[in-house]
Amino acid sequence: MYNGNENVMICDHPLIKHKISMLRNKNTGTNEFRAIVEEIAMLIGYEALRDLEIEEVEIETPLEVAKCPVIAGKKQAIVPILRAGLGLVGGLLKLMPTAKVGHIGLYRDEETFEPQEYYCKLPSAIDQRKIFVVDPMLATGGSAIAAIDFIKQRGGKDINFLCVIAAPEGLEKLIAAHPDVKIYVGNLDRELNEKAYILPGLGDAGDRIFGTK
Ligand code: PRP
Ligand code: URA
């Protein structure tokens, strides 16, 4: 919960905190960084999937036929915001192997910090899916807001947003723009700097995941 808002969950699990600290370390190399991001995706995803609907089906155990709970309800879609969001997909697919994956390509203009769209491809019947938009970083909030705008324009309704690190500025903007979206945050950091990077943050998530720069 964040400022009494039940749609926002800031993770407080020590494993998530520990792994995020490893990501912050500038000496953590690409290979390790990628693996840790995937682990964090599973840990935050575990929280985000807590309210998945279940239904009872009959299963024959070695001893008897029992009514047992299985995941039911809506099909899922994972939608990474390119590029850095790709780092979270593998972890979430381990939790939801049958989820479909859409992609939204956005980059931040380096001067205005405004998101620029370059790609959008979503799974079919997006209006009937439980959607998980993923991006490691929520900085000004511009990218997340634009991505969720696109999804809503294409009919998406049941939308969740997962990020590893958020700045308070971006989180407030996202809540104001999309109050219906459930937001899961690994850690709420202190602030943005003058270049709209998160402090203390972890630097440029895309560059650290893909070894670019
Ligand atoms: C990063 C990050 C988010 C965005 C967050 O992407 O992965 O998508 O910035 O910033 P915002 O909240 O201010 O919009 P970037 O634009 O660097 O692109 P990349 O993933 O291709 O590196
Ligand atoms: N995007 C990043 O990758 N890192 C930040 O700190 C802010 C935006």
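Helix 1 and helix 2 pack with their axes 10 Å apart, at an angle of about 155°. An angle over 145 degrees counts as roughly antiparallel, so helix 1 is roughly antiparallel to helix 2. The crossing of helix 1 past helix 2 is left-handed. Helix 1 contributes Leu 15, Ile 16, Lys 19, Ile 20, Met 22 and Leu 23 to this contact, while helix 2 contributes Glu 32, Phe 33, Ile 36, Val 37, Glu 39, Ile 40, Leu 43 and Ile 44. Sorted by class, the contact of helix 1 with helix 2 holds 11 nonpolar, no polar and 3 charged residues. This is a predicted model.

**The helix pairs**

Two packed helices are described by the angle between their axes and the distance between the axes. The table sets out the pairs.

| Helix pair | Angle | Axis distance |
|---|---|---|
| Helix 1 and helix 2 | about 155° | 10 Å |
| Helix 2 and helix 3 | about 50° | 7 Å |
| Helix 4 and helix 5 | about 20° | 9 Å |

Take helix 2 and helix 3, which pack at an angle of about 50°. That angle makes helix 2 oblique to helix 3. Helix 2 passes helix 3 in a right-handed crossing. On the helix 2 side, the contact uses Val 37, Glu 38, Ala 41, Met 42, Gly 45 and Tyr 46. On the helix 3 side stand Gly 87, Leu 88, Gly 90, Gly 91, Leu 92, Lys 94 and Leu 95. The contact of helix 2 with helix 3 has 7 nonpolar, 4 polar and 2 charged residues.

Helix 4 covers residues 142–153 and helix 5 covers residues 168–177; their angle is about 20°. Helix 4 is therefore roughly parallel to helix 5. The crossing of helix 4 past helix 5 is right-handed. Ala 144, Ile 145 and Ile 148 of helix 4 meet Lys 173, Leu 174 and Ala 177 of helix 5. By class, the contact of helix 4 with helix 5 has 5 nonpolar, no polar and 1 charged residues.

Does the length of helix 2 fit its residue count, or what span should its 19 residues have? At 1.5 Å a residue, helix 2 should span 27 Å, and its end C-alpha atoms lie 26 Å apart, which agrees. The buried residues of helix 2 are Phe 33, Ile 36, Val 37, Ile 40, Ala 41, Ile 44, Gly 45 and Ala 48. These buried residues pack against helix 1, helix 3, strand 8, strand 10, strand 11 and helix 6.

Helix 3 runs over residues 86–95, and its Gly 87, Leu 88, Val 89, Gly 91 and Leu 92 are buried. Which elements do the buried residues of helix 3 pack against? They pack against helix 2, strand 4, strand 5, strand 8, strand 10 and helix 6.

**Backbone points**

The peptide bond from Leu 82 to Arg 83 is cis, with omega near -5°. Arg 83 sits in the loop between strand 4 and helix 3. Another cis peptide bond joins Leu 199 and Pro 200, with omega about 0°. Pro 200 belongs to the loop between strand 13 and helix 6.

Asn 3 has a positive phi near 50° and is not a glycine. Asn 3 is in the segment before strand 1. Its relative accessibility is 68%, so Asn 3 counts as exposed. Ala 196 also has a positive phi, about 65°, without being a glycine. Ala 196 lies in the loop between strand 12 and strand 13. With a relative accessible area of 5%, Ala 196 is buried.

**Two more residues**

Beyond its neighbours within four places in sequence, Gln 76 is in contact with Leu 52, Ile 71, Met 96, Thr 98, Ala 99, Lys 100, Arg 129, Lys 130 and Phe 132.

Thr 61 is in the loop between strand 2 and strand 3. At 30% relative accessibility, Thr 61 counts as partly exposed. From C-alpha to C-alpha, Thr 61 and Gly 156 are 39 Å apart in space, and they are 95 residues apart in sequence.

How values were computed. Residues numbered from 1 in each chain as written. Chains lettered and ligands numbered in written order. Predicted model: local features only at pLDDT ≥ 70, side-chain atom pairs only at ≥ 80, totals over all residues. Heavy atoms only, no water. Buried < 20%, exposed > 50% of the residue type's maximum accessible area, 1.4 Å probe, protein only. Helix = DSSP H or I, 4+ residues; strand = E, 2+ residues; numbered from the N terminus. Contact = heavy atoms within 4.5 Å. Expected span 1.5 Å × (residues − 1). Axes fitted to C-alpha atoms, helices over the stretch in contact; angles between N-to-C directions. Parallel < 35°, antiparallel > 145°, perpendicular 65-115°, else oblique. Left-handed = near helix turned anticlockwise from the far one by under 90°. Nonpolar A, V, L, I, M, F, W, Y, C, P; charged D, E, K, R; others polar.
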